[in-house]
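Keep the sequence and the 3D view side by side.

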Amino acid sequence: MAAVKGAVPQWKLRDVEEIRRYLKEYPVVGLVSFRGVTAMQMAKIRRDFRDKIKLRVVKNNLIKKALEEEGGDFKKLEDFLGDQVAFVASELNPFKLFKELEKTKVPSPLKPRQISPVDVVVEKGPTSFPPGPVLGDLQLAGLPAAIEKGKIVIKDTVTVVKAGEVVKPEVAKALEMLEIKPVKLGLDTRVLIEKGIVFTPEDLRIDVEAISKQFTEAYTKALNLAVNAAYVTPETAEVLLIKAVTQAKNLAVNAAIPERDVIADLLAKAHSDMLSLASQLPSDALDEELSASLQVRVVEKVEEVVEEVKEEEKKEEEEEEEEKKEEEAIEGLGALFG
């Protein structure tokens, strides 16, 4: 049966309705670019991420049609249409979804006559190639290649192509032979939207380790503030009780209050004060027991001083050793640079 002239193909209507259904059913939707992604890589992405991400490759005009028909905040996505884009939908929050989309990217070689998005640097050093035609291919690409000890080597580190430059075919060939894959190709997030809030890659690309550190610091500062302000929370209750017991005990000892929990401390303090007072008396005013106690105390003090001296000497030795190492390093640098 011949198609009715001017009628919209059924496949276009199905694509639009499917996008509209995703817009209604999923909390997070968006657009991703797939330029440079091969059909094999796209098939693998669909297979690996099918439980987390709904991915539909639909023409821009059909996505725009679906956004217009659904209306509301979804129309904000129209500004990000263009080039080779696909529609994504997920139950994941925007940040987790962005992280999953980044996982689709794999190291890839530069293609001939492609505009390089990055500087490509080839480091000096040996290659796995024996002498042969490969040497000419590498030199043709502008690499300082030579033969040493039966192997082709790169004599110096060199930038073969800069960001924004067109990749010459001979350069692309040389990089492929050296297995240098300077770019990552996969689904490149353009925009995600959740509850009317638009997220761009700049919003979604966060340093998890740095953020985690900031949360830890904020928690520590909040805990210190609460403890110093005696603000009781489940997190501070135990610390506040320990602090209160310690302060109460110190007060009782210093005020000589004979409470059960501080009796031992009071007796120890009284004994220490008594020995301090006895040490000020002449030796003939002391009985044998006091003299013995004072001698024990002197020995303990001497041992403490000796220990402190040993620690200080050890510290000085470590500092001297460190200085010696620094001097040797400086001498080595001087010999190296003449």
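Helices and strands here are DSSP runs, numbered from the N terminus; a strand needs at least two residues. Strand β11 is such a run, covering residues 188-194, and Glu194 belongs to it. Keep in mind that this is a predicted model.

Stay with Glu194 for a moment. Is it buried or exposed, or something in between? Its relative accessible area is 22%. Buried means under 20% and exposed means over 50%, so Glu194 counts as partly exposed. Beyond its neighbours within four places in sequence, Glu194 is in contact with Pro27, Val28, Pro94 and Phe199. Glu194 and Asp73 are 121 residues apart in sequence, yet their C-alpha atoms are 9.4 Å apart in space.

Now go inside. In soluble globular proteins, nonpolar side chains tend to be buried together. The largest nonpolar core in this model holds 21 residues. Leu110, Val122, Leu138, Leu143, Ile152, Val160 and Leu175 touch the most other members. Several elements supply two or more residues each: β5 (120-122), α5 (133-140), β8 (151-154), β9 (158-161) and α6 (169-177). Which of them gives the most? Helix α6 does, with four residues.

Val122 is then in contact with Leu143, Ile154, Asp156, Thr157, Val158, Val160, Leu175, Leu178 and Ile180. There is also a second, separate core. This one has 19 residues, among them Ile19, Tyr26, Leu31 and Ile63.

Phe95, Ile206, Val208, Ile211 and Phe215 form a nonpolar patch on the surface. Together they have about 470 Å² of accessible area. Helix α8 (residues 208-228) provides the largest share of the patch, three residues. Val208 is found in helix α8. Why is Val208 counted as exposed? Its relative accessibility is 52%, and the cut-off for exposed is over 50%.

Turn next to the charged side chains. Side chains of opposite charge can pair when their charged atoms come close. How many salt bridges does the model have? The count comes to 20.

Start with Glu70 and Arg20. Their side chains meet in a salt bridge, at 2.9 Å from N to O. Glu70 lies in helix α3 (residues 60-70) and Arg20 in helix α1 (residues 10-25), so this pair ties together parts that are 50 residues apart in sequence. Glu70 is partly exposed, at 23% relative accessibility.

Asp48 and Lys44 make another pair. The closest N and O atoms of their salt bridge are 2.6 Å apart. Both residues lie in helix α2 (residues 39-49). They are four residues apart, about one turn of the helix. Asp48 is partly exposed at 43% relative accessibility, and Lys44 is partly exposed at 44%.

Lys155 and Glu148 form a salt bridge too, with 2.4 Å from N to O. Lys155 has 40% relative accessibility and counts as partly exposed. Glu148, at 37%, also counts as partly exposed.

Finish with a group. Asp15, Glu18, Arg21, Glu25 and Arg56 are linked in a network of salt bridges.

Methods: Residues numbered from 1 in each chain as written. Predicted model: local features only at pLDDT ≥ 70, side-chain atom pairs only at ≥ 80, totals over all residues. Heavy atoms only, no water. Core = buried A, V, L, I, M, F, W, Y, C linked by side-chain atoms within 4.5 Å. Buried < 20%, exposed > 50% of the residue type's maximum accessible area, 1.4 Å probe, protein only. Contact = heavy atoms within 4.5 Å. Patch = residues over 30% accessible without salt bridge, like charges linked within 9 Å, V, L, I, M, F, W, Y side chains within 5 Å. Areas by Shrake-Rupley, 256 points an atom, 1.4 Å probe, with all protein chains shown as cover. Salt bridge = Lys/Arg side-chain N within 4 Å of Asp/Glu carboxyl O.
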